Amino acid sequence: MSKAKKEIKTIAVLTSGGDAPGMNAAIRAVARKAIKNGLKVMGIDKGYQGLLNGEIRELNAKDVSDTIQRGGTILKTARSEEFATPEGKVKGAKILKEHGIDALVVIGGDGSYKGALGLSHEGIGVIGIPGTIDLDIACTDYTIGFDTAINTAMDAIDKVRDTSSSHERCSIIEVMGRHAGYIALWCGVASGAEEILLPEKYDFDEQKIINHIVETRKLGKTHFLIVNAEGVGHSVSMARRIEAATGMETRATILGYMQRGGSPTCKDRFYASIMGAMAADLLKQGIINRVIGHKDGEFKDFDIDEALAMKKEIQEYYVEIAGALAR
Ligand code: F6P
């Protein structure tokens with residue numbers, strides 16, 4: 001299938017959904033490469049809600065100086081109920097056209113891509129860049145922010161482990177991932193957790209965990225680490241039940257937003273820079289309605305419709321390995 005094309009002179013960029021470390025590196029790359037490519041670049045503050053409010057300003061190369069190392073997003077982000085409606089998308093496209101914007105680069109997750117797809121149906125060219133700590137975008141093996149988030153979480157888990165081990169306790173550490181267990185899986189394996197609970201796989205059979213704790217204590221293990229994903233939740237009440245059933249002191253630690261913030265790792269900055277620059281290069285060629293990904297070792301772009309139809313599942317083999325290494 002040939003790629004959709006349109007003459008592009010002015011583009012805009014926004015960040016949408018949860019912030020992710022590396023988003024600034026992506027904004028910077030879009031802006032700088034697009035300007036080099038002869039395009040005019042606008043920044044939209046506060047995601048799609050900011051678009052509906054007309055919070056649009058020109059971005060020049062200097063506006064993105066000193067941002068590559070910063071966490072969060074200099075363009076701010078939001079979730080917009082108004083934009084989620086069909087009328088919201090029509091209004092958004094109208095505002096973009098009034099500002100002379102031919103194409104929009106959206107840095108965010110699947111939900112943000114759906115918004116972009118709606119705008120494409122109203123005649124705005126769109127490009128998606130995967131920005132989420134959750135790694136849950138099907139067309140790409142990598143999402144901007146994941147590397148920073150897992151390293152932040154892993155460091156925190158290592159620290160909790162010290163206390164857990166010193167006091168001979170069981171620790172439940174809740175990491176982010178409401179619908180996706182990638183952060184839990186990676187951090188659980190990397191920190192040698194005895195149990196890793198993933199929203200995609202967890203069967204709510206707490207007795208199995210209790211039996212596992214009892215078994216490992218008999219084998220002489222003095223502490224027990226459970227990495228639990230936000231999507232499974234209930235870490236505090238789970239801790240109470242486990243303590244009552246096993247007699248082992250059990251505490252819950254919820255890591256929360258500390259995983260979304262902080263200075264991006266080198267990997268997040270690099271991937272964000274390449275993906276942002278690629279978006280600007282596609283737009284220079286007039287290529288629109290694509291999503292950028294890193295798949296099978298290469299940076300690629302996919303048709304946005306096709307990208308949204310793709311499915312991604314936690315690899316069963318990795319889950320099996322995690323279980324085997326914990327025993
Ligand atoms: O950014 C991804 C994520 O952290 C998910 O894991 C979680 O489901 C969601 O964001 C929560 O976001 P918020 O608290 O901003 O609604």
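Colleague: How much space lies in the second largest pocket?
Modeller: About 480 Å³, in what is a predicted model.

Colleague: Which residues are closest to its centre?
Modeller: Glu195, Ile196, Leu197, Lys208 and Val319, out of the 20 residues that line the second largest pocket.

Colleague: And which elements give two or more residues to that lining?
Modeller: β7 (195-197), α8 (206-218) and α12 (316-325). The largest share of the lining comes from α8, with 5 residues.

Colleague: How do the residues of that lining divide by class?
Modeller: In the second largest pocket, 9 are nonpolar, 3 are polar and 8 are charged.

Colleague: Switching to the largest pocket. How much space there?
Modeller: The largest pocket holds about 920 Å³.

Colleague: How many residues line it, and which lie nearest the centre?
Modeller: The largest pocket has 36 lining residues. Nearest its centre lie Arg79, Thr132, Asp134, Asp136 and His179.

Colleague: Which elements give two or more residues to the lining there?
Modeller: For the largest pocket, those are α3 (81-84) and α5 (110-121). Of the elements, α5 gives the most, with 4 residues.

Colleague: What about the classes in that lining?
Modeller: The lining of the largest pocket has 13 charged, 13 polar and 10 nonpolar residues.

Colleague: Which domains does the lining of the largest pocket draw on?
Modeller: Domain 1 (10-145 + 264-309) and domain 2 (147-260) each supply at least three residues to the lining of the largest pocket.

Notes: Residues are numbered from 1 along each chain as its sequence is written. This is a predicted model: local features need pLDDT of at least 70, side-chain atom pairs count only at pLDDT 80 or more; totals for chains, interfaces and linings use all residues. Side-chain values use heavy atoms; hydrogens and water are left out. On a 1 Å grid over the protein atoms alone, a cavity is a set of points where a 1.4 Å probe fits but cannot get out, and a pocket is an open set with protein on both sides within 12 Å along at least five of seven lines; lining residues have an atom within 4 Å of a point. Grid points are joined across faces, edges and corners, and a volume is the space filled by probe spheres set on the points. Ala, Val, Leu, Ile, Met, Phe, Trp, Tyr, Cys and Pro count as nonpolar, Asp, Glu, Lys and Arg as charged, and the others, Gly among them, as polar. Domain bounds come from an automatic or database domain assignment.
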